Amino acid sequence: MQRAYDAVVVGAGPNGLSAAVALARAGLGVLVVEAHDTPGGGARTRELTVPGFLHDVCSTVHPLGRASPWFRMLGLEDAGVTWIDPPAALAHMLPDGRAVMLERSIDDTAAQLGRDGPAYRALMQPLVDRFATLAEMILGPVRIPRAPMLYAQFGLAALRSLRGLARSRFRDVEAPALLAGIAAHAMVPLGSPATASFGLVLGSAGHAVGWPIARGGSQTIIAALLARLREMGGELELGFAVERLAQLPPARAYLFDVTPRQLIAIAGDRLAPHERAALARFRYGPGVFKIDWALRGPIPWRDPRCARAATVHLSGTLDDVERAEHAVLVGEPAARPFTLLVQPTLFDASRAPDGGAHTAWAYCHVPHGAPIDATAAIEAHVEAFAPGFRDLVIARATMDPPAMAAYNPNYIGGDINGGMSDLGQLLSRPRIQIDPYTTSAPDIFLCSSSTPPGGGVHGMCGYWAARSALARVFGRTYE
């Protein structure tokens, strides 16, 4: 820690490690420092309940991880990541207990949507057909698109509210409900502009690349990134909490996998006053309450098709989802919260002991920072669609928003997306500027999910920040 480096990266989450790998691949000397005793950020896997049961602390399902141009460039599969594809990407539960399935096949999905099947196919097929090109254009900062017509076609629909898009395209319940559950990952009321973008991106990803999980847990993605970093000579220092810039060794560039609030605390005296004020106005979104279960057996869904997907949305109709998300935004716990459930051991037996045991987790959205225990609400929700579920619970572990923030300081108020994802902060993340990864200090860069393209385990925030640092500090373009 006494030597000088070309670049120091603070934070060993997917974005911090991605930035470090990109810099090391360019031949720079790179150090990554991480406050925890393990790397990972939003992609750690631990025994949260009882020994032998492996739980992903945060993310499990990775459509954007497989779609990530950066992860594909790095060849993470050759570094140890094995993607597992459930037969269906998603099951969305309707109030009557029926599941609407997001299948890999658009035709098979459309066949479940009654009169709306043709409209769904017309909406999604152009995006799926050119999904790799679309992903390259949207997983980064706003810039001149490679395929302007495709970008315009996507943008005209994506900038709409999910409610507006659904009401204009569909007539029945199923298609709006399916897209509403997907769009709710944004944690923004579905009547807000640009909420359709989340439904379109993640929905088309389900058809194009699936919603896969990583064998052995999300930590394997981090292990692969670390393997690539070490191949390039990069270093990692664990247990190093950074509270001020002076703690770090000398370097020509510093990249921070933190949110604007932490950047101000660490390096605010190096930033221009107007920039500090702009970053202080950065808004954070609702929190989540998460519960992990060790189970004696698989969840006994009333609709057995739910066992074909790792991800299940216990969400109801478009109106149900929108009502729940609006309540959370105004600071009221929803009576029937949007609940996302993941059941990885149906497809990856390595996460639980032999003998039929399973793991599962679920979260619901709750008001920002609220110390709410939603265990009863979530388990009642699951029990309604899977009678006998509670009898399978061996042990549970829970995290409310304050616990989330204590686990990962980037999860301010329990916000797992790195900041509010409404239209304003999609287009000006973290503030309005041409290069969103730079700061007024020429050697300080931001590489977290508070920068474009935002939340998710895809590494693209780190990749683009590294490109910015290479150009501005080292005078290089990234090959």
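Two strands count as paired here if DSSP finds at least two bridges between them. I keep that rule at hand for the sheet below. The model I am reading is predicted.

Entry 1: Seven strands form an open sheet in the order 7-6-12-13-14-11-15, and the pairing is mixed. I then checked the ends. Strand 7 (99–103) and strand 15 (393–399) are the edge strands, each pairing on one side only. From one strand to the next, the twist averages 20°.

**Entry 2: strand 6 and its surroundings.** I wanted the sense of pairing between strand 6 and strand 12. Strand 6 (residues 88–93) runs parallel to strand 12 (residues 309–313), with four bridges between them. Helix 10 (residues 195–208) lies across strand 6 and strand 7, and makes an angle of about 65° with strand 7.

**Entry 3: neighbours of strand 14.** I moved on to strand 14 and its two partners. Strand 11 (residues 287–295) is antiparallel to strand 14 and is joined to it by nine bridges. Within that pairing, Trp-293 is bridged to Ala-360 of strand 14. Strand 13 (residues 339–342) is also antiparallel to strand 14, through four bridges. There, Leu-340 has Tyr-363 of strand 14 as its bridge partner.

**Entry 4: burial of strand 14.** Which way do the residues of strand 14 point, and are they buried or exposed? I listed both faces. His-358, Ala-360, Ala-362, Cys-364 and Val-366 point one way. Thr-359, Trp-361, Tyr-363 and His-365 point the other way. All of these are buried. The count for the strand (residues 358–366) is nine buried out of nine.

**Entry 5: cysteines.** A disulfide is a covalent bond between the sulfur atoms of two cysteines. How many disulfides does the structure hold? I found zero. Cys-364, in no disulfide, has its nearest cysteine sulfur 15 Å away, in Cys-58. Cys-364 counts as buried because its relative accessibility is 2%, and the cut-off for buried is under 20%.

The cut-off for a disulfide is within 2.5 Å. Cys-461 is buried too, because its relative accessible area is 0%.

How values were computed:
Residues numbered from 1 in each chain as written. Predicted model: local features only at pLDDT ≥ 70, side-chain atom pairs only at ≥ 80, totals over all residues. Heavy atoms only, no water. Buried < 20%, exposed > 50% of the residue type's maximum accessible area, 1.4 Å probe, protein only. Helix = DSSP H or I, 4+ residues; strand = E, 2+ residues; numbered from the N terminus. Axes fitted to C-alpha atoms, helices over the stretch in contact; angles between N-to-C directions. Contact = heavy atoms within 4.5 Å.
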